[in-house]
Amino acid sequence: MIELTEAITLSKQLNDTINGKIISKIIAAHTKQKLTWYYGNPQNYQRLLHKKKIDYTTSFGGFVEISAQTMKILFRDGVNLRFFENQSKIPEKHQLLLEFIDHSMLVASVQMYGGVGCFIRNELDNTYYTVAKEKPSPLSKEFDKEYFTRLIRGGHVQNLSIKAFLATEQRIPGLGNGVLQDILFNAKLHPKQKITHISEKQTQHLFESIKATLTEMVNKNGRDTERDLFGRPGEYRTKMCKNTVGKRCEICGSTIMKSNYMGGSIYFCPGCQTI
Ligand SMILES: [Zn+2]
């Protein structure tokens, strides 16, 4: 899944790789995939993108957005974005393929669910997109202790669990169920803990953990459970994930647990993260 840290990594790599390239061929919606959302009609992508030059890429929340003259090309959630020097290794299934005049390619294929889009700049009317753009990134200066305290002390979130508070409703864009696990492990908080029971000190730890954990993930080019633009795993070794479940916690030696909660998996250490 593309979350904040992967969006930043992909955006950096795209800026280093495809800026200035001119799109010569577009294949949209090649493979049917039920849980792919297309922004704009994919039948129009060919007309909209033909001969456009890639200017730059930005990221916000869990979105990666490429600017190509008057056009925007957008990716989110479970999109695997890969760059290929030539077509010898491209995957059979894909939802968007852009070939450049030098025959290199950018291929987007959706795993489970994800969004792919192409539209004229400033013309996408989508709340999820707008919110992700407008709210401060948890890595920005605007996302300070005061801002976070306002979020967590809001009356309507007191009955939520920490997982629901942090990873739903785009309260913190780009902070999803993936990066959440290590943020909570580092803060020594259980995902099911109710917000109302979090002390002042724990709030401070949680705030610090959001900043420190995400910064470390970004500095190491994303999590090792995700792949980058070239198909390589990130260098951040994820502590709480499918790779570590059943293993011993590096802090206390307890066995790392997995359970299902709110339509997704949670991973936690029963020794470090008590309710
Ligand atoms: Zn532990």
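Reader: Let's start with the crossing of H1 and H7: is it left-handed or right-handed?
Author: Happy to begin there, with a word on the model. This is a predicted model, in which local features need pLDDT of at least 70, side-chain atom pairs count only at pLDDT 80 or more, and totals for chains, interfaces and linings use all residues. Residues are numbered from 1 along each chain, as its sequence is written. A crossing is left-handed if the near helix is turned anticlockwise from the far one by less than a right angle, and right-handed if clockwise; that of H1 and H7 is right-handed.

Reader: At what angle do H1 and H7 pack?
Author: Helices (H or I, at least four residues) and strands (E, at least two) are DSSP runs, numbered from the N terminus. Axes are lines fitted to C-alpha atoms, for helices over the stretch in contact, and angles run from 0 to 180 degrees between N-to-C directions. Angles under 35 degrees count as roughly parallel, over 145 as roughly antiparallel, 65 to 115 as roughly perpendicular and the rest as oblique, and H1 and H7 are therefore roughly parallel to each other. Their axes lie 9 Å apart, at an angle of about 30°.

Reader: Which residues of H7 meet H1?
Author: Contact here requires C-beta atoms, placed from the backbone, to lie within 7 Å. From H1 come Leu 4, Thr 5 and Ile 8, and these meet Leu 214, Met 217 and Val 218.

Reader: How many residues of each class are in the contact of H1 with H7?
Author: Ala, Val, Leu, Ile, Met, Phe, Trp, Tyr, Cys and Pro count as nonpolar, Asp, Glu, Lys and Arg as charged, and the others, Gly among them, as polar. By that sorting, the contact of H1 with H7 has five nonpolar, one polar and no charged residues.

Reader: How far apart are the axes of H6 and H7?
Author: Helix H6 covers residues 177-187 and helix H7 residues 200-219, and they pack at an angle of about 130°. That makes H6 oblique to H7. The distance between their axes is 8 Å.

Reader: Which H6 residues make the contact with H7?
Author: H6 passes H7 in a right-handed crossing. On the H7 side, the residues include His 205, Leu 206 and Ser 209. On the H6 side, they are Val 179, Asp 182, Ile 183, Asn 186 and Ala 187.

Reader: How many residues of H6 are buried?
Author: A residue is buried if 20 or more other C-beta atoms lie within 10 Å of its own, exposed if 12 or fewer, and partly exposed in between, with C-beta atoms placed from the backbone. The buried residues of H6 pack against H1, helix H5 (162-167), H7 and strand E9 (264-268). H6 is largely enclosed by the rest of the structure, because its buried residues number eleven of the eleven.

Reader: What is the phi of Lys 188?
Author: Most residues other than glycine have a negative phi. Lys 188 sits in the loop between H6 and H7, and counts as partly exposed, with 16 C-beta neighbours inside 10 Å. Its phi is positive, near 55°.

Key
Two residues are in contact if their C-beta atoms, placed from the backbone, lie within 7 Å.
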